[in-house]
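Open the model in your viewer and keep the sequence panel beside it. This tour goes stop by stop, with something to select at each one.

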Amino acid sequence: MGIGHLQRAIMTTLDRDYVIMQASYLRCCASAGFFDSFYATFLSKSPEVALKFSRTNLTNQKKMLRNSLFRMVADAQNEAVVSEETQRIGVSHGRGHHDIPPAMYVLWLESLCEAIKQHDPGYDEELERVWREKLGRMIERIVALY
């Protein structure tokens with residue numbers, strides 16, 4: 001296989017994963033209670049998580065998550081670039097602001113995948129792999145700013 005074929009094969013896989021993730025995000029947003037399910041699961045993952053959100057207006061937080069996920073899904077198409085959204089989240093969640101410890105992102109991604117499984121009728125192991133890989137790379141960049 002020549003370099004051109006290899007590049008096309010890689011791009012096809014990347015594009016396919018991006019399309020899979022984008023379609024899943026839209027199905028989740030169309031499912032009533034997706035963000036409620038996410039936060040119910042996330043807040044139950046640990047007392048530390050619940051404490052971090054104890055004074056949070058969850059109605060506003062769900063809107064913020066919806067917008068951030070939208071941007072993160074869009075940014076997943078070009079993983080080589082650290083987007084403004086990834087940078088913004090990294091700074092706002094860092095030690096000097098919300099002080100979200102790196103271990104909490106593991107629980108966040110677990111909770112998101114559980115909510116996707118519950119609300120996306122297209123859920124399967126491949127879909128979960130895509131979400132975990134794409135967001136996992138972004139989370140690594142966010143954590144690096146901690």
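## Stop 1: R16

Select R16 first: its relative accessibility is 38%, so it counts as partly exposed. You are in helix α1, and you are looking at a predicted model. Show the side chain. The side chain of R16 makes a polar contact with the side chain of D17, at 3.0 Å. Now look beyond the sequence neighbours within four places. There R16 is in contact with E126 and R129. R16 and Q77 are 61 residues apart along the chain, yet their C-alpha atoms are separated by 9.8 Å.

## Stop 2: A23

Stay in helix α1 and select A23. Is A23 buried or exposed, or in between? With 29% relative accessibility, A23 counts as partly exposed. Draw a distance to V73. The C-alpha atoms of A23 and V73 are separated by 9.8 Å, and the two residues are 50 residues apart along the chain.

Helix α1, residues 3-30, has the lowest mean pLDDT among the elements of the protein, 75. Helix α2 has the highest, 97. Where pLDDT is low, the predicted coordinates should not be read in detail.

## Stop 3: the whole chain

Zoom out. The protein has 146 residues, and 38% of them count as buried. Switch to a cartoon view. There are 7 helices and 0 strands. From the N terminus on, the elements run α-α-α-α-α-α-α. The average pLDDT is 87, and 88% of the residues score at least 70. Next, think about contacts between residues at least 6 apart in sequence. Of these, 75% join residues at least 24 apart.

## Stop 4: α2 against α4

Select helix α2, residues 34-44, together with α4. At what angle do they pack? The angle is about 105°, with the axes 10 Å apart. The two helices are therefore roughly perpendicular to each other. Show the side chains where they meet. From α2, pick F34, F35, D36, F38, Y39 and L43. From α4, pick L58, Q61, K62, L65, R66 and L69. These contact residues divide into 8 nonpolar, 1 polar and 3 charged.

## Stop 5: α4 against α5

On the α4 side, the contact is made by S68, R71, M72 and D75. On the α5 side, it is made by E84, E85, T86, R88 and I89. How many of the contact residues are charged? The count is 5 charged, with 2 nonpolar and 2 polar.

## Stop 6: S111

Jump to helix α6, residues 102-119, and select S111. Its relative accessibility is 0%, so S111 counts as buried. What does S111 touch, not counting residues up to four places away in sequence? The list is F38, T41, F42 and K45. Look closely at F42. Its backbone nitrogen lies 3.4 Å from a polar atom of the side chain of S111.

## Stop 7: D99

Step back to the loop between α5 and α6 and select D99. Check the backbone angles. Most residues other than glycine have a negative phi. D99 is not a glycine, but it has a positive phi of about 55°. D99 is partly exposed, with a relative accessible area of 29%.

## Stop 8: Y146

Finish in the segment after α7, with Y146. At 22% relative accessibility, Y146 counts as partly exposed. Which residues is Y146 in contact with, leaving aside its neighbours within four places in sequence? They are H93, G94, R95, D99, I100, P101 and P102. D99, from the previous stop, is one of them. Y146 and H93 are 53 residues apart in sequence, and 7.4 Å apart in space, C-alpha to C-alpha.

Conventions:
Residues are numbered from 1 along each chain as its sequence is written. This is a predicted model: local features need pLDDT of at least 70, side-chain atom pairs count only at pLDDT 80 or more; totals for chains, interfaces and linings use all residues. Side-chain values use heavy atoms; hydrogens and water are left out. Helices (H or I, at least four residues) and strands (E, at least two) are DSSP runs, numbered from the N terminus. Buried means under 20% relative accessible area, exposed over 50%, partly exposed in between (1.4 Å probe, protein chains only). A polar contact is a pair of N or O atoms within 3.5 Å; within protein, one must be able to donate a hydrogen and the other to accept it, and residues adjacent in sequence count only if both atoms are side-chain atoms. Contact means heavy atoms within 4.5 Å. Axes are lines fitted to C-alpha atoms, for helices over the stretch in contact, and angles run from 0 to 180 degrees between N-to-C directions. Angles under 35 degrees count as roughly parallel, over 145 as roughly antiparallel, 65 to 115 as roughly perpendicular and the rest as oblique. Ala, Val, Leu, Ile, Met, Phe, Trp, Tyr, Cys and Pro count as nonpolar, Asp, Glu, Lys and Arg as charged, and the others, Gly among them, as polar. pLDDT is the predictor's confidence in each residue, from 0 to 100.
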